[in-house]
Amino acid sequence: MNLHDYLKPDGLFVAAFAPLRAVLNQQAELLWQTEEKPKPGKKGKKDKQDETNQKKKEFSPWVTRSGKGGGDPRYLAFDDVSLYRHCMDVAIIAFMIFLYAWKNGKIPGLATNPSTAAEQDAILLAVKQLFAIAFLHDADKYVGAEQSTSPEFDQVQQLHQDLRIDQWAHLDVELSFALASLENRGQGKAISAGVIPNPTQQELREMVKLGDKIASVTSRHGLMAMVTSYNEKYLSSLHEFGVPKMRLKLLAFHYNALILHKLQRHLLDYFIEQQVFPLVCLLDGQRLYVTAPETDVNLQPVFDRLGKEIGFKPADLKRNPTNGEVATFNVHGATELITTVFEKLEARLLAIHVSDWEVVHPYIRGWASKVGGLSTLDQPENKKLVLTVTPEHEETPPPLYQYALALATALRANSTGKVFDERVQRLMELPELECHTLSQQFDVSQWKKDTRQTLYAMQAASYIRGETHLVEVITQVVKEFPAASEEDAGTRTILTQLQLQCGLVEEISESQLPYTAAAKGGTCLLCGYPTSAVIETSRMKLAGIKKTAFNNRIGHQKNIWSQTDDNYLCPACIKQQELLCQQVPKLRAEPLLVCTPFRGLIKPISPSQLSASVSETDQSALEVCNSFDAVNSKEWRKMSPWNIDTSGLVPFVSESIDTDFDSVVEAMYRWAVFALHTGNPVHVFISAPRDNCKGAFLFEQMPPLIGKLLEDLTVQTQEVQAAQFRTKEDRQEAEQLVQHERGTIRRQKLPALVKRLDLLKQILKTNHGHDVLAMMPAFRWWAVAWLDAREEHSKNFLVRQAKENYPMTQHDMTIAQMAKLARQIQKYPDDGFKASGSERTLALTTAIELLETGRKYQRNRTDTVAAMAETLAEKLNRRSLARSKDGTREDKTFYSQCKEFAEMVYDFVESQRQQGQFDSQFHRFLLAAYAFLFMEKMTETEPA
């Protein structure tokens with residue numbers, strides 16, 4: 001059996017899954033792109049529909065609903081797996097069983113070696129039906145049933161219709177119900193209905209049933225338990241389908257995420273070559289889990305391939321923005337230097353010192369005009385080094401411009417002082433370049449080094465006769481390039497540490513153990529291994545790491561002979577940093593530690609195949625992903641799990657964020673959207689992964705204030721106390737888990753989390769956003785109503801969102817009733833929500849003013865309420881704001897309605913005062929909330 005034919009990007013698995021994937025994509029697209037159209041407002045009512053054209057975005061139920069685990073406190077010990085992830089895991093195991101059963105002739109009606117189109121179509125249809133059964137078997141969870149049971153017919157019918165099963169799997173709903181009923185009670189219902197699957201379909205159902213049992217072990221007890229269960233409990237049943245009696249072991253690697261990403265790709269490639277089905281190949285941040293045969297497997301070829309890939313040192317260059325110096329990496333000849341410059345055109349290499357601007361700018365403009373296709377700057381920047389020219393069309397920059405960049409790099413690469421002067425002298429010794437003419441036009445000796453480099457490069461480039469000539473010139477100018485080093489201590493260390501974890505090498509010596517300080521050195525800033533290599537940011541490619549970076553890791557040691565604050569990096573971490581900068585060149589700081597499990601199944605596309613199979617742009621978008629992809633109007637589709645699972649590109653997640661408050665909230669929002677689009681849990685840790693985190697979302701960098709505003713979405717102790725458990729031990733376990741899971745959010749709360757974070761980040765964009773957020777724990781949505789009153793442009797759509805997410809439950813009904821009474825006595829403002837605050841709060845402010853007067857003169861309730869009602873009625877009539885007679889209740893006069901409103905205000909304010917709550921802040925936010933509720937539609941019939 002050739003697994004490559006079935007698990008490649010265009011193999012049997014992907015081909016059979018294609019129609020289901022298309023339906024899942026269409027469903028997700030429809031939900032995420034639905035627009036909520038504005039409702040037509042009544043004539044003369046301005047701004048009553050203020051959030052028109054707001055998009056109502058929902059996520060696919062396959063990623064919002066749990067397949068295992070869920071929000072019930074009784075399932076805290078379960079990994080909260082999305083419904084899609086569980087169904088796909090079941091389908092993968094069932095597909096493995098199918099392959100062995102098919103090739104061993106154990107599936108009736110399927111030819112083991114199909115030779116006709118009809119026989120091949122029958123196999124493809126069988127796998128499609130396998131997918132259909134796997135995705136139908138939890139139809140009850142799909143429709144949102146509170147308890148998981150064998151699905152009922154109406155539940156299967158709805159899912160059958162949503163997935164269009166009849167169109168691509170050719171199963172009617174009755175047959176689908178019979179096949180999806182994996183439990184005996186469900187099968188009994190199906191059989192009693194007179195529907196009996198054919199022998200092929202019966203075998204498919206048994207495969208899915210077995211796959212469901214094996215996959216379900218993982219959520220409760222973990223991957224190791226699943227492998228143990230596979231070996232001890234299910235291997236005999238699997239063997240009946242033709243699966244070899246090959247016991248598996250689980251290999252677990254803990255290492256840098258990028259290295260594990262590369263290792264995963266090579267493991268997948270190797271196992272499929274060796275005809276070993278990748279039952280588990282899961283990359284979860286800094287952990288990689290993979291199943292391998294217990295015996296007779298040699299992983300050395302995998303590490304040989306990995307070493308060859310990471311040991312390759314591509315040529316590169318790095319320009320110091322402060323002084324313009326250029327450092328080259330792995331450049332061992334003129335050809336490599338030219339190729340590197342041409343691939344990474346750096347316009348700032350042609351910079352001059354600002355003090356030389358007036359003298360040399362005419363020459364630069366003349367040179368740019370002669371070359372063509374270049375733009376020049378008319379005024380110097382407010383910097384020491386001034387950019388001179390840039391290409392007008394980056395896609396096809398002029399050849400002479402590229403030659404000048406290469407020559408400038410050759411003059412300055414690793415060159416300061418005497419070496420620079422020597423290279424300039426060699427350049428001038430080449431008469432065909434006519435560099436000596438510069439000294440005839442200018443007093444070159446007065447120029448700064450940056451100016452000399454640029455103008456000599458431009459002058460020489462004008463006379464270069466092609467790339468062959470350019471190679472000859474650079475070779476003569478540089479004279480000696482650094483020799484290529486065959487020694488790669490970083491690669492060797494990485495391979496040794498990985499091989500140690502899977503038993504391929506012996507235990508390392510004590511001197512190589514973490515936190516054992518090196519002689520006249522210390523321990524690595526990142527991993528703690530002994531080393532004496534001081535961090536040098538000018539020579540090393542580092543992702544946001546500084547030589548004096550703070551490290552609070554217990555056991556970390558610096559050089560005890562040194563008085564500096566220098567830190568160290570070991571060869572392995574230097575190599576990892578170099579690879580990370582190659583893979584994700586836009587990282588501005590240390591990457592976030594994001595753990596989100598990506599399953600490997602499809603034979604991956606090798607790096608050599610990438611350029612031929614996908615464009616460079618698509619390659620970047622598919623292989624390296626981050627939270628920005630999730631909110632991108634185009635890229636989010638690639639994050640859908642059904643697209644990731646069937647791609648030949650193994651995804652690698654990497655991103656860094658700014659640490660200010662607003663940026664962290666923005667990042668939380670993106671990662672929450674990412675968690676939903678991918679259907680995977682997302683755990684963002686500060687320094688090290690938390691073991692056995694079961695929730696669907698965790699963001700350890702979450703600011704405490706945001707934690708308070710999201711607290712009700714996290715698992716709470718009171719939820720456990722209110723839940724019904726089968727045993728006392730189960731309750732005790734849940735009480736312990738709720739402490740361990742503090743701060744995590746379960747899958748069913750993820751949509752609410754996204755809406756909350758979207759609201760918070762919108763508030764932060766306003767002028768008073770930080771003040772509002774600080775007040776929200778105490779005043780909830782009232783604080784946003786206050787913001788609406790303060791902002792020049794109405795933000796009442798934010799108020800509505802806040803009222804939905806942060807209700808003031810103990811007061812809202814009272815204030816709403818108060819506003820409803822006010823609407824019976826006060827007209828609706830002509831300007832709607834644009835009316836002044838004083839007009840909207842007229843009734844309430846009038847009543848409170850009279851109440852305070854009554855308190856001042858110690859009047860009783862009856863007298864105070866009467867004064868409040870009389871003054872309110874008089875003021876409304878005087879300002880022509882009193883409601884017409886048609887607006888009054890039939891059994892009460894206008895005055896009695898004013899009195900009813902006054903009584904309610906009096907009782908509410910006095911009750912709050914007795915509780916010590918009616919201070920100036922409460923008063924201010926109360927008015928804002930009342931003003932908003934007054935404007936809202938409080939009765940079924942809108943005011944006239």
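This is a predicted model: local features need pLDDT of at least 70, side-chain atom pairs count only at pLDDT 80 or more; totals for chains, interfaces and linings use all residues.
Strands of a sheet pair through backbone hydrogen bonds, and they do so in either a parallel or an antiparallel way. In this model, three strands build an open sheet whose order is 14-18-19, and the pairing within this sheet is mixed. Because strand 14 and strand 19 each have a single partner strand, they stand at the edges, and one side of each is left without a neighbour in the sheet. From one strand to the next, the twist averages 20°. Strand 14 pairs with strand 18 in the antiparallel sense, over three bridges, and cysteine 595 stands opposite histidine 683, which belongs to strand 18. Helix 28 packs on this sheet and touches strand 14, strand 18 and strand 19, while its direction makes about 160° with that of strand 19.

| Element | Residues |
|---|---|
| Strand 14 | 593-595 |
| Strand 18 | 682-685 |
| Strand 19 | 697-699 |
| Helix 28 | 661-678 |

In soluble globular proteins, nonpolar side chains tend to be buried together. The largest nonpolar core here holds 185 residues, and those that touch the most other members are Trp62, Phe98, Phe135, Trp671, Phe697 and Phe901. Helix 4, which spans residues 83-103, gives this core its largest share, 17 residues. Leaving aside residues up to four places away in sequence, phenylalanine 98 touches several residues, among them Leu12, Ile107, Leu110, Leu204 and Met207.

Definitions and conventions. Residues are numbered from 1 along each chain as its sequence is written. Side-chain values use heavy atoms; hydrogens and water are left out. Two strands pair if DSSP finds at least two bridges between them. Helices (H or I, at least four residues) and strands (E, at least two) are DSSP runs, numbered from the N terminus. Axes are lines fitted to C-alpha atoms, for helices over the stretch in contact, and angles run from 0 to 180 degrees between N-to-C directions. Contact means heavy atoms within 4.5 Å. A nonpolar core is a set of buried Ala, Val, Leu, Ile, Met, Phe, Trp, Tyr and Cys residues joined through side-chain atoms within 4.5 Å. Buried means under 20% relative accessible area, exposed over 50%, partly exposed in between (1.4 Å probe, protein chains only).
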